[in-house]
Amino acid sequence: MPEWFGKKKSHPETSPGGSVIHRYEAAAWSPTQIGLAEESTAKFAEARKEVYRRFFGEVRDVFDEAIPLIPRVDVHTYYRRGPDGDICTLVTSGMSDLEMSVPTRIKAPRRAELIFYCTEPNREYIETMQWLAHFPHDQKTWIGSSHTIPNGNPPAPFWGSSVLDTILLLPPIVKRDATLPDELILDGEPVHFLWVVPLTTPECNLKLARGVNAILDLFEQNRHPHVFEPNRASYV
């Protein structure tokens, strides 16, 4: 269960709980690579669009990248009726155009997209999701369920919170959304969806020390909402 920081090292660190810590640095894109973005994202766009429509309904907005990269990652906005009003679902589209670089010894999904539940779209949410979607491709690595990604080193609060500074990736908490890999299959591979969940540093440290189940237990004890609450306090 890795944690990603920013700069890759040849001998990854290990947390007290046994999680491998990788450090990466930013990747650079050449103008030629950027120019290939449209071609690289065209192949699977229609398949995603049809599955998204069936699962999420009609798209409200599509936020594209200011400078298309490889692959091009858009964020689609959908609304669903919840018990306390409409719930906004943000879903990336394009991350799964390319396979992630999963080591052969590891059995993990090679294609993925990101999903996030909130009350309304926010440019920071969208830009963070696009950055996360590019991360495994930029760094020739992979991300998956239970991985944590701090916002810098040391991590800085984001999204209007004073304490939330790390992203945890989990399977979608909405039961219907968890079945998406059965419906969206690209080049014979199911596309897995990762729920973007902000954490605090103490919560992340708990996960690193005791494993992701400790965080899941903490969420259950505190009735953690699946719709993002920027003002929530740390559970630790």
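The charged end of Arg-232 sits over the ring of Tyr-235, 4.3 Å from its centre. Here a charge sits over a ring if NZ of Lys or CZ of Arg is within 6 Å of the ring centre and within 35 degrees of the ring normal. The charged end of Arg-176 is likewise placed over the ring of Phe-55, 4.3 Å from the centre. The model is predicted: local features need pLDDT of at least 70, side-chain atom pairs count only at pLDDT 80 or more, and totals for chains, interfaces and linings use all residues. Residues are numbered from 1 along each chain as its sequence is written, and side-chain values use heavy atoms, without hydrogens and water.

Phe-55 also belongs to an aromatic cluster with Tyr-52, Phe-56, Tyr-78 and Phe-193. The structure holds 15 aromatic pairs (ring centres of Phe, Tyr or the six-membered ring of Trp within 6.5 Å).

Buried means under 20% relative accessible area (1.4 Å probe, protein chains only). Helices (H or I, at least four residues) and strands (E, at least two) are DSSP runs, numbered from the N terminus.

Seven of the nine residues of β6 are buried, so this strand is largely enclosed by the rest of the structure. Strands β5 and β6 pair antiparallel over nine bridges; pairing requires at least two DSSP bridges. A hairpin of two residues joins β5 to β6. Four bridges link β6 to β7, also antiparallel.

Conventions
Phe/Tyr/Trp six-rings, centres within 6.5 Å; stacked < 30°, edge-to-face > 60°. Buried < 20%, exposed > 50% of the residue type's maximum accessible area, 1.4 Å probe, protein only.
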